[in-house]
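Subject: Structure for you to look at

Hello,

Here is the structure we spoke about, with its sequence. My notes follow below it.

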Amino acid sequence: MTETTTATPTPTPQHRAPRPLRALALAETRLFLRDPMTLLIAVVLPTVVLAALGAVPALREPSEMFGGLRFTDYFAPSLLAINIAVLGLQNLPTGLATYREKGILRRLSASPMHPAAVLVVQLLINVVTVVIGTALMLVVAVYVLDVPAPRHPVAFALTFLLGTSAVFALGLVIAAVTPRARLATGIGAVAFMLTQFFAGVYLPKFLLPEALVRIGEFVPPGVGAFQAAWMGDGPAPVHLVVMAVIAVAATTVAARFFRWE
Amino acid sequence: MPVIEVDHLHKRYRDQVAVHDVSFSVEEGEIFGVLGRNGAGKTTTVECIEGLRSPDGGSISVLGLDPGRDRAALRRVLGIQLQASELPEKLRVGEALELYASFYPSPLDPGELLERWGLAAKRDTAFGNLSGGQKQRLSIALALVGNPQVAILDELTTGLDPQARRDAWESIEQIRRGGVTVVLVTHFMEEAERLCDRIAVIDAGRVIAIDTPAGLVAGLSDGQRLRFRPSVPFEDAVLTQLPEVASVQRNGPQVEVRGGGDLLTAVTSTLARHQVVAIDLRLEQPTLDDAFVALTGRSTEN
């Protein structure tokens, strides 16, 4: 060992480099911001849809059909599912599967940086974006469209945490088991549509059969719990527990099957 | 002490053996070639050296480190260019080098590397918009940005046009002058002949020869061909008794002598002693390709 240290060539003029993890986070954030479509759909779209609906006078009147709520109030929790699922089921798994397919993870593993770091960084970037998109919609809903603020803020935060975790964990499973990026995109799109359907984004829930609505309460991110925390009497513990179980189970499966190359 | 020592390396994927038995050592400061046709086990061998794959048998030491156990320490002193690895489409050339520089304790200056590899004008170009040759040069620059003691370059000139390939060779020699030991995986004979101090020829997962390019060529017993017209007739036996000569053939007035070693001196001096002048004397030197074909029975072009 000592011999190898003495064999070190005298260093050529050295370059002051930033910290590795910070540099990686910075680079990945830049790349994320260079994809305007994702930003548009994930951050802005749900808010725009809600604002557009709020511009229709008839939808600002309370109705028995919506349990005495206005349509905007009734529909807002469903819209939260859009940005959570776009980022968790499409952006995250497609990004990771692409990195694996193109050998970007492998290239990292040939450097002192472990490829797991890029996975964590992408996970964080997507989570932060979900938080920003959700916050934007809450602010616009409450301050612009006069939707009441969540009645159970702590329960709402918990519901958001668990629902988002469950969706992202499923996204990691997709990233783990799909050998090709295209397949990850395809499976992610199907999963995305299922979550949106059960969240009542495509058809508002009053148009869905009761059985589907009940099932939908257990489909991540669990819009039933969001609704109950926002407008109702608080989320049913069983819904939250199911989200937590899905999050833990799916993360375990993803960790078990994830391949770096 | 050798920089890299590979001892009876064995590696299989499921029931397919990729590397049967490979042993060689690489000395400090040399350019060591790993030559073989596609599928011979070259890449698997260097991936075991790099610690990207774990061997099923044998042992490897790189700068005194075990690639499996001392992975982290090895990563800091080893520059690796992978055969097929890309970067994110929208990552720019300068950003990529800055990023990878940040991973190493004492990196080279990314700006200088960009200059050296002819990428300075492409600093702000996204990876997805680079040509094949530019991607390849960036990949080499990334392998060197950590200021490695050993650089392992796998098929580095694949995808480069002839001019870019020559430029790359120039740069590899420059890297070596900087004190870096280089392991070059290639199936290009010209590249191996031009750059390598020593070459390990790998065929079907085994090392079948290790020597300098000249040594490999000289090892051919009948690789050289000497053609001439004798000024006066002479007996074949005058030449066939020479140890350097393998065969003598006559085509009309032309004589063709095949052999190895210092064939030219041996033949001309013997002819001179018999008062024969060799007119229109031509020597055809065998190439590394001839040596490779003789060693493996086929050329690299399958």
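A polar contact here is a pair of N or O atoms within 3.5 Å; within protein, one must be able to donate a hydrogen and the other to accept it, and residues adjacent in sequence count only if both atoms are side-chain atoms. By that rule, seven residue pairs are in polar contact across the interface of chain A and chain B, both residues at pLDDT 80 or more.

The conventions are these. This is a predicted model, in which local features need pLDDT of at least 70, side-chain atom pairs count only at pLDDT 80 or more, and totals for chains, interfaces and linings use all residues. Residues are numbered from 1 along each chain as its sequence is written, chains are lettered from A and ligands numbered from 1 in the order in which they are written, and side-chain values use heavy atoms, with hydrogens and water left out.

The interface

Helices (H or I, at least four residues) and strands (E, at least two) are DSSP runs, numbered from the N terminus. On the side of chain A that touches chain B, the elements giving two or more residues are helix H1 (2-6), helix H2 (20-33) and helix H5 (104-109) of chain A. H2(A) gives the most, with six residues.

Taking contact as heavy atoms within 4.5 Å, 35 residues of chain A touch 38 residues of chain B. The side of chain A that touches chain B has 18 nonpolar, eight polar and nine charged residues; Ala, Val, Leu, Ile, Met, Phe, Trp, Tyr, Cys and Pro count as nonpolar, Asp, Glu, Lys and Arg as charged, and the others, Gly among them, as polar.

The buried area between chain A and chain B is about 3,200 Å², with carbon and sulfur atoms giving 57% of it. Buried area is the accessible area (1.4 Å probe) that two parts lose on being put together, summed over both.

Lys102(A) takes part in a salt bridge with Glu89(B) at 3.1 Å, N to O, and in one with Glu86(B) at 4.0 Å, N to O. Glu86(B) lies in the loop between strand E5 (78-81) and helix H3 (93-102) of chain B and Lys102(A) in the loop between helix H4 (71-101) and H5 of chain A, so this pair joins two chains.

Chain A

Chain A has 11 helices and zero strands. Its C-alpha atoms fill a box of roughly 80 × 35 × 30 Å along the principal axes.

From an unreviewed UniProt entry, "domain: ABC transmembrane type-2" covers residues 37-261 of chain A; such annotations may be inferred rather than shown by experiment, feature names are shortened, and positions are in the numbering used here. That span is 72% helix and 0% strand. The unreviewed entry also places "transmembrane region" at six stretches, including residues 39-59 and 155-176 of chain A. Residues 39-59 are 76% helix, and residues 155-176 are 100% helix, with end C-alpha atoms 31 Å apart.

Helix H6 (residues 116-144) of chain A has 29 residues and should span 42 Å at 1.5 Å a residue, which agrees with its end C-alpha atoms being 41 Å apart. The expected span is 1.5 Å times one less than the number of residues.

Backbone points to check

Just after H6(A), Asp146(A) has a positive phi of about 60 degrees. The peptide bond from Pro220(A) to Pro221(A) is cis, with omega near 5 degrees.

Regards

Conventions:
A salt bridge is a side-chain nitrogen of Lys or Arg within 4 Å of a carboxyl oxygen of Asp or Glu.
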